[in-house]
Amino acid sequence: MDDGVLKEILKGIKGFRDYYPADFAKVNYILDIMKKVSESFGYEEYEGPSLEYAKLIEIKSGEEILEETFIVKGKDDRKLVLRPEQTPTLARMIVNEQQRYPKPIRWFSIPRIFRNETPQKGRVREFFQFNADIIGVDHPAADAEIIALTCNIIKTSGLKDGEFICVINSRELVQSYIEYLGIENYLDVIKVLDSKEKYIQDFIVEELLEKKFTASKAKEIATFVRLKKQKKEKEFPNLSNKDKEYINYYYELSPEIEKQKIIETLIKIGLDEEIAEKVYFFSKTKGTPSFFLEEISKLDLGEKASLALEKLRELAIYLEYFGVINNCEYNASIARGLDYYTGIVYEFFDRTGSVVRAIAGGGRYDQLVSSFGGEKIPATGIGMGETVLMAILEDLGRLPTYCQKVDFYVAPVNKKVIKEAADITARLRKEFRVLFNPFGWKLSNQLEDAAARKIKHMIIVGKRELEQNKVTLRNLETGEQTLLPIEGIEDELRKIVNTE
RNA sequence: GCCCCGAUAGUUUAGUGGCUAGAAUUGAGGAUUGUGGCUCCUUAGAUGCAGGUUCAAAUCCUGCUCGGGGCACCA
């Protein structure tokens, strides 16, 4: 094999990560919190296979999703996929065995998830995704509990109030209202509302082209306008004053453009002007839950949408009970891509300006389980990758510094006492994490070794001490040494480990 | 899939077409057979890949790969 090819191979696959001990410790810091907090909420851990039939994903999430999955061929030619999400697997498991478990089922899982997308900040092709679900109750308190659980994990990891936000909406509310207005193609409308930023960009480019700007210049200015809104303009120098004037001009104008373009596009897909305006104003509503509920209830909603609004009202009560309502915002424009979501949907975002992407997202999927056959089982749940949260914590410097997890380094001073040192080590390992050096190294080298590993305590085993049935305990940070009797040494060591 | 920036030992980096690519740190061995983090010695280790221009390329050009940032997408 030639060197070029070999080098490529050694680099590993694009978007996949090697976790060296210090890296894996960071990942585990977050995964441990996910696990501990979930257990503190009474959730049970489950796991599924890494591979599923492509059909399983396709049925539930649509065929286009398969374009971004890794496809594997099974022996019988059936297409298999490396799981791009955990929910279909969970739904499958529930369909098969649901009668065994008392409802509601509260389960969590931290599977490795695979997505064949372009890597960028907070996005890789293989990652750990925390999933928590409540299955078997159709009650807003279940959604509130999932949101509270997620808030708890995010806060325990190191983000503070105000550094993240949970944005909540109800698909039922949006859909019922749009249908109440007499619109049939509800999904088309959602799509338009979702792409509002794109319409603004297109409008600016179009207008600048008419003013004889080059295409690339026009696009550049449009991009700057968007970045100015995200407060990131400082990253872009080298602009003429004339360009800056245009950016400010369109920046000021963009709310107006947004309104005009969205209404225009809605009319284009068949809505009356009056209806299009109603849809636009509805979709713009957002703010604290109480503000949102008040604003929306002013509208003429119709029966179904009113019911959906009642559920959001009830949800707010439980968010309040669970102490997370200040971390939440209601917003009529968030949709979430997945088709299987039916009611309340929620999405967590960073507020520190570190990452634009969502930290976590989830919602209610009352039809998913029944669509695999069997009775209707309501469910709600969240998915949270470890990468985005980790990128934010990394930027804020809130990840703990790494050190090797060893309580004691056992150092025999010469080859003659290795057996005795090994016996002591075996005893201590029943209770402590002990690194033993059986290689017959000189003591000075062992001290250096322990220091390089940042291990705090060394137990020195030598002939002099053994003659009085003792060993030396050395604190490697202070250099302090004490002689300890081997008999009952665990009690002394326990004190030291517990005070740290 | 698109756009911008980048790539020199494990890591941080020097080197603006010209001597054998230089250093720090890390790794390995030793000075030192019971007390370290100091010092000293020895040793190992790099121009991402493939072409092109040139007497001469780490340096200039093209393509690719990988990384970073952004767009689109985002279960």
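Guide: Contact means heavy atoms within 4.5 Å. This is a predicted model, in which local features need pLDDT of at least 70 and side-chain atom pairs pLDDT 80 or more, while totals for chains, interfaces and linings use all residues. Residues are numbered from 1 along each chain, chains are lettered from A and ligands numbered from 1 as written, and side-chain values use heavy atoms, without hydrogens and water.

Visitor: Is Q129 buried or exposed?

Guide: Q129 is found in strand β7 (residues 126–135); strands are DSSP runs of E, at least two residues, and helices of H or I, at least four, numbered from the N terminus. Its relative accessible area is 9%. Because buried means under 20%, exposed over 50% and partly exposed in between (1.4 Å probe, protein chains only), Q129 is buried.

Visitor: Which residues does Q129 touch, not counting residues up to four places away in sequence?

Guide: The unreviewed UniProt entry lists E85, Q86, R115 and Q129 among its "binding site" positions; such annotations may be inferred rather than shown by experiment. Q129 touches E85, Q86, S109, I110, P111, I113, R115, G383, M384 and G385.

Visitor: Which element gives the most residues to the surface near RNA strand B?

Guide: Near means that a heavy atom of the residue lies within 4 Å. The elements giving two or more residues are α1 (3–11), α17 (443–452) and α18 (463–467). With five residues, the most is given by α17.

Visitor: How far is a polar side-chain atom of E465 from a base nitrogen of RNA strand B?

Guide: A polar contact is a pair of N or O atoms within 3.5 Å. For E465 and the base nitrogen, the distance is 2.6 Å.

How values were computed
Polar contact = N/O pair within 3.5 Å; in protein donor to acceptor, adjacent residues only side chain to side chain.
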